[in-house]
Amino acid sequence: MIIGIVVCGAIANIIDHNISVEKDGIDIKYFFDRDVEKAENLAVLANGIAVLELEDMIKEVDLVIEAASPRALKGFALDVIGAGKDLMVMSVGALMDNEFREKLVETATKTNSKIYAPSGAIVGLDGIKAASIGGITEASLTTRKAPRSLGRIVEEEEILFEGKASEAVEKFPVNINVAASLSIACNMDIDVKIIVDPKVDRNVHEVVVKGDFGEFRTQSKNHPCEANPKTSMLAAFSAIKLLKSFNERFSMGT
């Protein structure tokens, strides 16, 4: 499988470092970034090719990994799917736009493409997907982040947002993809609270889900990427695990 990555930042570097043709049967070969130097630097490390135009990548790969932003994703996702190529979405917040998501799925159906969204920076998504079969009545996310990950300077904890996931991803498009992942898995617009807390140095996500299955609660305390504190290491690891699963003969989980 030949893969291209769009935007060569922290996530792209972690993914490339942990995937190999020899072990995984996956060749991360093409790199695109508006900052051409970033694409060229990662291409050198990966023995790959930096492209100046996204179209040059799409026609050569089997799958495109989007590691950009919700806005950027909306600009090129349909080009990828329309060309019959698969797409891995890291900016899951963009998929909260129902019209956009439905258009992607409709196009993928016509071109026999697949759209993948890794579980990201939270745990328990498999359980939530299973629970949604019986119906979920209540779901909430409380996210607690260090000020630097939100570009804030505060001395005491502060509630930055309290409302629905659809609103949260609009206000914090690169910080709260987990809210979109949970909402899509639950088939509902979940309740979200975002807190900036100078006492924490990790991204903390507390999830509560109730439904016909019963109730469960999870808490994850994720180390942020050193290169980009807005991103949790777990988000990159979830993409890596999904890529590795393509060639595995044994699968566990939903």
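Cys-225 sits in the loop between strand E11 (214-222) and helix H10 (233-245). The model described here is a predicted one. Is Cys-225 buried or exposed? Its relative accessibility is 1%, so Cys-225 counts as buried; the cut-off for buried is under 20%. Leaving out residues up to four places away in sequence, Cys-225 touches Ala-10, Ile-14, Thr-231, Ser-232 and Met-233. The chain also brings Cys-225 to Ile-11: 214 residues separate the two in sequence, and their C-alpha atoms are 8.2 Å apart.

**Helix H1**

Ile-11 belongs to the buried set of helix H1 (residues 10-18). What covers the buried residues of H1? The cover includes E1, strand E2 (27-32), helix H3 (36-46), E4 and H10.

**Helix H10**

The 13 residues of H10 should span 18 Å at 1.5 Å a residue, and the end C-alpha atoms lie 19 Å apart, so the two values agree.

**Helix H5**

Helix H5 covers residues 70-82. At 1.5 Å a residue, its 13 residues should span 18 Å; the end C-alpha atoms are 18 Å apart, so expectation and model agree. H5 also has a kink of about 40°, centred on Phe-76.

Phe-76 is one of the buried residues of H5. Pro-70, Leu-73, Ala-77, Val-80 and Ile-81 are buried in H5 as well. Several elements cover them, including strand E1 (2-6), helix H4 (54-58), strand E4 (63-66), strand E5 (86-89), helix H6 (98-111) and strand E6 (115-116).

Take Leu-73, which lies in H5. It counts as buried because its relative accessible area is 0%. Which residues does Leu-73 contact, apart from its neighbours within four places in sequence? They are Glu-66, Leu-87, Val-89, Ser-91, Ala-94 and Phe-100. Ser-91 is 18 residues from Leu-73 along the chain, and the C-alpha atoms of the pair are separated by 7.3 Å.

Just after H5, Gly-84 takes a positive phi of about 80°. Most residues other than glycine have a negative phi.

Val-7 is not a glycine, yet its phi is positive. Its place is the loop between E1 and H1. With a relative accessible area of 25%, Val-7 counts as partly exposed. Asn-187 is not a glycine either, and its phi is positive too. Asn-187 is found in the loop between H9 and strand E9 (191-196). Its relative accessible area is 61%, so Asn-187 is exposed; the cut-off for exposed is over 50%.

| Residue | Phi | Relative accessible area |
|---|---|---|
| Val-7 | Val-7: about 80° | Val-7: 25% |
| Asn-187 | Asn-187: about 60° | Asn-187: 61% |

**Empty space**

Rolling a probe the size of a water molecule over the atoms shows where empty space is left. Both a pocket and a cavity can be described here.

The second largest pocket has a volume of about 490 Å³. Its lining has 33 residues, and the closest to the pocket centre are Ile-11, Val-174, Asn-177, Lys-230 and Thr-231. The elements that give two or more residues to this lining are H1 and helix H9 (177-186). By class, the lining has 17 nonpolar, twelve polar and four charged residues. Two names from earlier return here.

How many cavities of 30 Å³ or more does the structure hold? It holds one. The volume of the largest cavity is about 40 Å³. Ala-146, Arg-148, Ser-149, Asp-201, Arg-202, Asn-203, Pro-224 and Pro-229 line the largest cavity. That lining divides into three nonpolar, two polar and three charged residues.

Terms used:
Residues numbered from 1 in each chain as written. Predicted model: local features only at pLDDT ≥ 70, side-chain atom pairs only at ≥ 80, totals over all residues. Heavy atoms only, no water. Helix = DSSP H or I, 4+ residues; strand = E, 2+ residues; numbered from the N terminus. Expected span 1.5 Å × (residues − 1). Bend = angle between axes of the 7 residues up to and from the residue. Buried < 20%, exposed > 50% of the residue type's maximum accessible area, 1.4 Å probe, protein only. Contact = heavy atoms within 4.5 Å. 1 Å grid on protein atoms, 1.4 Å probe; cavity = no way out; pocket = protein on both sides within 12 Å on 5 of 7 lines; lining within 4 Å. Points joined across faces, edges and corners; volume = space filled by probe spheres on them. Nonpolar A, V, L, I, M, F, W, Y, C, P; charged D, E, K, R; others polar.
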